[in-house]
Amino acid sequence: MDLYVLLYDGDLGSPPKFIGMTGLFNIDRPNDSCSMGILIHPDYFRGGFATQVLYTLMVYAFEDDNQHMHRIVFETGADNIQMRGWLENVVGAQMEFRWREAWKAAPGQWIDAVGYSILEHEWRG
């Protein structure tokens with residue numbers, strides 16, 4: 001499920017500004033599990049947009065009667081200290097794995113990826 005992140009300037013007559021994408025993917029219904037991710041334009045980093053969007057999406061994934069997930073997984077670059085800190089300190093997610101040289105950054109350059117998860121009872125905690 002792909003969703004756009006749109007920013008409205010308060011003027012109902014002007015169109016919203018596209019600032020990113022988010023969504024639920026790798027949805028595993030038998031195990032009530034999914035992955036969640038977000039991409040925000042760098043001009044909007046550190047503005048609280050990702051926090052608002054991901055929090056809203058987690059409410060939907062964990063609390064909506066049609067979704068009712070048990071587990072949500074997040075992946076990020078091992079070098080993405082801000083996202084890792086947000087996952088650990090704000091969301092309360094636990095690091096589960098590290099994939100060595102998992103993502104190609106440029107020809108001949110690879111970066112490690114790390115995975116975090118949060119369980120429904122931790123969310124409700």
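Analyst: A quick term before we start: a crossover is right-handed if, with the strands pointing away from the viewer, the path from the first strand over the helix to the second runs clockwise. Also, this is a predicted model, where local features need pLDDT of at least 70, side-chain atom pairs count only at pLDDT 80 or more, and totals for chains, interfaces and linings use all residues. Residues are numbered from 1 along each chain as its sequence is written, and side-chain values use heavy atoms, with hydrogens and water left out.

User: Good to know! Which elements make the right-handed β-α-β unit?

Analyst: That unit is built from strand β3, helix α1 (residues 49-63) and strand β4. Helices (H or I, at least four residues) and strands (E, at least two) are DSSP runs, numbered from the N terminus.

User: And how do β3 and β4 run where bridges join them?

Analyst: They run parallel, with three bridges between β3 and β4 (residues 71-77). Strands count as paired if DSSP finds at least two bridges between them. As an example, Ser33 stands opposite Arg71 in β4.

User: What about β2, how many bridges join it to β3?

Analyst: Seven, and here the strands are antiparallel; β2 covers residues 17-28. Phe25 has Ser35 in β3 as its bridge partner. The β2-β3 hairpin has four residues between the strands, and Asp32 takes a positive phi near 45 degrees there.

User: Is β3 mostly covered or mostly open?

Analyst: Mostly covered: six of the eight residues in β3 (33-40) are buried. Buried is under 20% relative accessible area, exposed over 50%, and partly exposed in between, using a 1.4 Å probe and protein chains only.

User: Let's zoom out. In what order do the strands of the open sheet come?

Analyst: The order is β1-β2-β3-β4-β6-β5, six strands with mixed pairing. At the edges sit β1 (2-7) and β5, each of which pairs on one side only. On average, neighbouring strands in this sheet are turned by 25 degrees against each other, direction ignored.

User: How does β6 pair with β4?

Analyst: In the antiparallel sense, over seven bridges, with β6 spanning residues 109-119. Thr76 stands opposite Val114 in β6.

User: And how many bridges link β6 with β5?

Analyst: Eight, and that pairing is antiparallel too; β5 covers residues 94-106. In β6, Ser117 is the bridge partner of Gln94, while Tyr116 is the partner of Met95. The hairpin of β5 and β6 has two residues between the strands, and Gly108 in the turn has a positive phi of about 80 degrees.

User: Helices now. Which strands does α1 lie across?

Analyst: Helix α1 lies across β1, β2, β3, β4 and β6, and runs at about 160 degrees to β3. Axes here are lines fitted to C-alpha atoms, for helices over the stretch in contact, and angles run from 0 to 180 degrees between N-to-C directions. Contact means heavy atoms within 4.5 Å.

User: At what angle do α1 and α2 pack?

Analyst: About 50 degrees, with the axes 13 Å apart; α2 is residues 81-91. Thr51, Leu54 and Met58 in α1 meet Met83, Trp86 and Val91 in α2.

User: One last thing: is Glu120 buried or exposed?

Analyst: Glu120 is buried, at 13% relative accessible area. Glu120 belongs to helix α3 (residues 120-124).

User: Which residues does Glu120 touch?

Analyst: Leaving out residues up to four places away in sequence, Glu120 touches Phe62, His68, Met69 and His70.
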